[in-house]
Amino acid sequence: MNQSHTRFAHPIILAAIVALLALALAACAQAPAAPAQQPAQQAQATAAPAAKQAEAPTAAPKAAQPTSAPAAAQPTAASASAGGASGALPKLQGDKFVYWGGLIFSDKANKMFEDRVKEWGKQRNIPVEVVMVNQNETVQKVSAAIQAGNAPDAFDLGRDFMLQLNAQNQLVPLDDLYKKIGDAHGGWLDPVTKATDPKTFNGKIPGIPFGVGGNVLFRRTDALKAAGFDKAPDTWEELSKEAAAAQKPPKTFGMGFALSNVGDGNLTTQMMQAWGGRVADDTGKKCTIDSPETRAFLKWITDAYAQNLFPPGVTTWDGAGDNNAYQSGQALFIANTGSVSIWMQQNDKELLDATKYSVLPAGPKMRISTQNPQYRGIWANSKNKELAKDLMEFLADDKFMADYYANAIYGPVLKSEQSASIFQTSEVHKGLADLAVNGTAPAYPDVDNAAFAEYQNNFLTPKMVQKIVVDKKGIDDAIKETQTACQTIYDKYNK
Amino acid sequence: MAEQAQTTVQQPAATGGMTLRRRNAILGWLLVAPVVLTLVVLVVYPFFYAIWISFTDQMVGSEAKFVGLENYAYLFHQPVFWTTVWNTVILVVAVQALKLVFGLGISLLLNQPLRGRWMWRGMVLLPWAMPAFVAYITWKLLYAPIAGAFNMILLDLGAQNYVDFLGTKELAMPSVIVATFWRGFPFWVISFLAALQTIPNELYEAAAIDGASAWNRFWHITLPGLRHVILLVLLLSTIWTANSFENVWLLTQGGPSDATMTFPVLAYYSLQNLRLGEAASVSVAMLPIFAILAFIVIKLMQED
Amino acid sequence: MLTRPSRAQRILNYTLVALLGVFILFPVYYMAIISLKTPRAIYREPSLLPDGATLQNYAQLFGEMDFLTNFRNSLLVATVATVISVFIAVLAAYSLVRLKYRFRNAVGRLILLTYLTPAALLFIALSVIMARIGLTNTLQGLMFVYLTFATPLSTWLLMGFFRGIPPDLEEQAMVDGATRLQSLWLVLIPLSAPGIVAVTVLTFTSAWNELLYALILITSPDLRTVPLALNYFITGDVFRWGLIMAGAVAAAVPVMVLYYLAQRFMVQGLATGGVKG
């Protein structure tokens, strides 16, 4: 042990700590550079020619312009909403424009959307970052980002989430833009207008619709024909009879509908409403689960369960449950947004050919087939509100949307979009287009408010069914408990 | 030795009142500071922030308003809360019991002179080596009635219908427990195996001479030798199990009919409704259980 | 244990080991064969055998899906987080075990308690902190956040190792003229090397497999870690089973290699004192 070591023992430690910090800093400096070198990597090399064409330009504008952004702030964002002409656009604030799109199960559609936003950035000479966020995580990611103060300038969001965010004043009112886009495309479809009624959103229009999601009934014609059923069932009761007659357990089961705590499970709320049951009264404040109609609905669905018409596992299916059941050929009927159809096109033509689509059946009281429009919203604290509006106008382009719809699983929102060829040729898209026109408004006949959204988010209807089929409780107890739980939620909004 | 002499000259015990004791204390603080600072910024602050939030009506994007115990009152009045407490306790206790019994058994087995012992030990680590969520969706697929391995086997063996492992009240929790056990037991085995190496062979030899039975040797030598590691692993593993979200979320989403609802999943539902205050109160409500547990284990460890 | 086991005993042992092998390997086997199947085969022709095996999923994973980038990200994040946390944990553990000062026990307990806090409780505040220091959506931010669980665990386990090593040797070194820190570097660390390796491997594994924080903090596709990328193969309501399983198999490889290399150290290391406390 030599002397210098002895002396410098402490400095060595210090040096090590400094070195460590330097390492961390070096990592900080280096790592952002590294990914930037491979900007085109996400460009998916699907055989699709459309994707190929688009690949080259996307790689270009990533070399971030240094942010010499002059402090010439944009003119008070809110009031100037009418100005959309690209000439009068304000300068970009910050180093890039950020958009979070909703990832769907169609690589082509995701890619098209990404390219379209990048194309806009190129035309406006703005660096953009467009990220496709898995829809399963949108709520968590956007929530955390809003709390942290770094949410994207604009993002795709479902209607429930829009309702909730708007209640917290996190979205920019887009009334003028909504009108402008509507006027330029022959007007919005009536149901879309209804779903976007400012009355529901504290007198504002907080988002621009871009597609109508919802469920289409898929049916296996081969198995049903063999049992003598040629046409689509018109009512749920017909459906359960056909299911009972045509299914051959354990190979096939009739009713591939989730009864679990996932979005798909809330189809049961629609069924309950089709029977005439209601979650709450017309004031939207008092729960009215306890009704003869709800009882009748519960009787039907739990009888069907007792007859083994549901595939095993439905009480804990995740969002993919109906997809899996149908794709494996074990479900005769499912209600699906269309992802199953895309999957079959890619992987299973035989099953695709055996599939037909129709509108959801009616109950004894009425037919409920809820539309679930998807929106684009602008974050209230975005520094680039005018740019975001310009982008939304750019995206609402008939030619682009026609191509997009052909690869996505949405119905049209604008009248001019109805003529897109996919809505005339593809069976499942015909179903979605029909849903966009003839479906029922969100929550209808219930009052569409935040309490209803929370009722749905807590999956109280499927849980009510679970109480009977899983817990073996009586219908009366299940109704009573659900009524209490429902009122607890509604009371949070009654204060 | 010259160096030594110089060192002592340079560091006289009394220079400027800097006693050795004092210098050690300063050095001690200096060395522990990076960890303490990191944890204060990354854990302690967020922790108190979350506790504060649990006393407010904070929603995403809104101003937080102090509401006292309102979130807790709301929580405790929901029937699902007590189900959740019960389920969490069952899950944690059952999984730890399984891990303890099988962890001991497997580590004793792998401590035997076996051909390819290293290979077997490596194999045990496999479940631990993959991301938790992959492990659990694999189990979801194993349990699935459709295209699920277990049901394929059962049907091949002549079963008349599918077994709904995750969708029935009786089987859902046991199924979650088995999957959680599968993913978590390697840590126990490897720790026990390690501790077994520290028990001196002479003890066993002496016991053998005294004619002690295998059971006696296990009970009086092996188990006491493992006492400390058992406590340590028990504590860590309990924390992991109680906090684990993916196992329940991916397998059952807390269903069917809340049969597997645990704290992390319940908090997740509150978050879906943007109710940060409520979500925080759910997580905070779980802390007392942890605190008691940690207290007991630390006490037991200090007794050694 | 020390006497040669009887024949019956050996038969029993091998039977039990075989059973254990089935229990552990069956799910892994199922993952592996799914990773070799086409999407259609997974559903329409479910089977316990790898019928019609294809490498299509792996090709797609490393081609179109650019899984190597995810690999690189995970490797970078897990390595840096592990190195930093083990380094500062060694210093802290030494301080807490060998030096005497006020509040020492309190600090030790604090470190353990921080390990008790659920991630679900922390992530909103953490995302706020990360945003303030401008580290959201960066790998550095993720490295930093991983210290929340990596540091307490490493410190705590290392304290056990250090305690298990008698201080005589270090004292001897100090009598011979070494400073405290020299005695740490030159005596204690070499002696507890196996323990440090064990802690490193454990920390690396937990960082390699972490999902929740990555999900919240990372947005850009080119910054996604391995678990995050796999999570994205659950696209909306479609599980791309083939891709997920292929990714899982590929992701397990580095960890298995690491365990294989560190194996001897792991058992020996945990044995030298860590678990003795």
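**Figure 1. Chain A in overview, with buried residues making up 52% of its 495 residues.** The model is predicted. Chain A has a secondary structure of 23 helices and nine strands. Of the contacts in chain A with a separation of 6 or more, 76% come from residues 24 or more positions apart.

**Figure 2. The open five-stranded sheet of chain A.** The strand order is β2-β1-β3-β9-β4, and the pairing is mixed. The edges are held by β2 (128-134) and β4 (208-213) of chain A. Each edge strand has a single partner, so one side of each is left without a neighbour in the sheet. From one strand to the next, the twist averages 25°.

**Figure 3. Strands β1 and β3 of chain A, with the helix that lies across β3(A).** Strand β1 (residues 97-103) and strand β3 (residues 154-158) of chain A run parallel. Two bridges join them. A:Trp100 stands opposite A:Phe155 in β3(A). Helix α7(A) lies across β3 and β9 (372-378) of chain A. The angle between α7(A) and β3(A) is about 115°.

**Figure 4. The crossing of helices α12 and α13 of chain A.** Two packed helices are described by the angle between their axes and the distance between the axes. Here the axes of α12(A) and α13(A) (residues 292-306) come within 8 Å. They cross at roughly 125°. An angle in the range 65 to 115 would count as roughly perpendicular, and one over 145 as roughly antiparallel. α12(A) and α13(A) are therefore oblique to each other. Their crossing is right-handed. From α12(A), the contact uses A:Thr268, A:Met271 and A:Met272. From α13(A), it uses A:Thr294, A:Phe297 and A:Ile301. By class, the contact has four nonpolar residues, two polar and no charged.

Figure 5. Among the buried residues are A:Phe452, A:Glu454, A:Tyr455 and A:Gln456. Within chain A, the buried residues of α21(A) pack against α7 (159-167), α12 (267-274), α22 (460-469) and α23 (475-492). They also pack against α12 (263-272) of chain B. A:Phe459 follows α21(A) and has a positive phi, near 55°.

**Figure 6. A:Val139 in helix α6 of chain A.** The helix covers residues 138-148. A:Val139 has 21 C-beta neighbours inside 10 Å; the cut-off for a buried residue is 20 or more. A:Val139 therefore counts as buried. Leaving aside neighbours within four places in sequence, A:Val139 is in contact with A:Phe161 and B:Gln272. A:Ala88 is 51 residues away from A:Val139 in sequence. In space, the C-alpha atoms of A:Val139 and A:Ala88 are 34 Å apart.

**Figure 7. The contact between chain C and chain B.** Here 75 residues of chain C are in contact with 78 residues of chain B. Several helices of chain C each supply at least two residues of the side that touches chain B, including α1 (7-34), α4 (67-98), α7 (139-164) and α13 (241-271). α13(C) gives the most to this side, with 13 residues. By class, the side of chain C that touches chain B has 57 nonpolar, 14 polar and four charged residues.

Terms used: Residues are numbered from 1 along each chain as its sequence is written. Chains are lettered from A and ligands numbered from 1 in the order in which they are written. This is a predicted model: local features need pLDDT of at least 70, side-chain atom pairs count only at pLDDT 80 or more; totals for chains, interfaces and linings use all residues. Two residues are in contact if their C-beta atoms, placed from the backbone, lie within 7 Å. Helices (H or I, at least four residues) and strands (E, at least two) are DSSP runs, numbered from the N terminus. Ala, Val, Leu, Ile, Met, Phe, Trp, Tyr, Cys and Pro count as nonpolar, Asp, Glu, Lys and Arg as charged, and the others, Gly among them, as polar. A residue is buried if 20 or more other C-beta atoms lie within 10 Å of its own, exposed if 12 or fewer, and partly exposed in between; C-beta atoms are placed from the backbone. Axes are lines fitted to C-alpha atoms, for helices over the stretch in contact, and angles run from 0 to 180 degrees between N-to-C directions. Angles under 35 degrees count as roughly parallel, over 145 as roughly antiparallel, 65 to 115 as roughly perpendicular and the rest as oblique. A crossing is left-handed if the near helix is turned anticlockwise from the far one by less than a right angle, and right-handed if clockwise. Two strands pair if DSSP finds at least two bridges between them.
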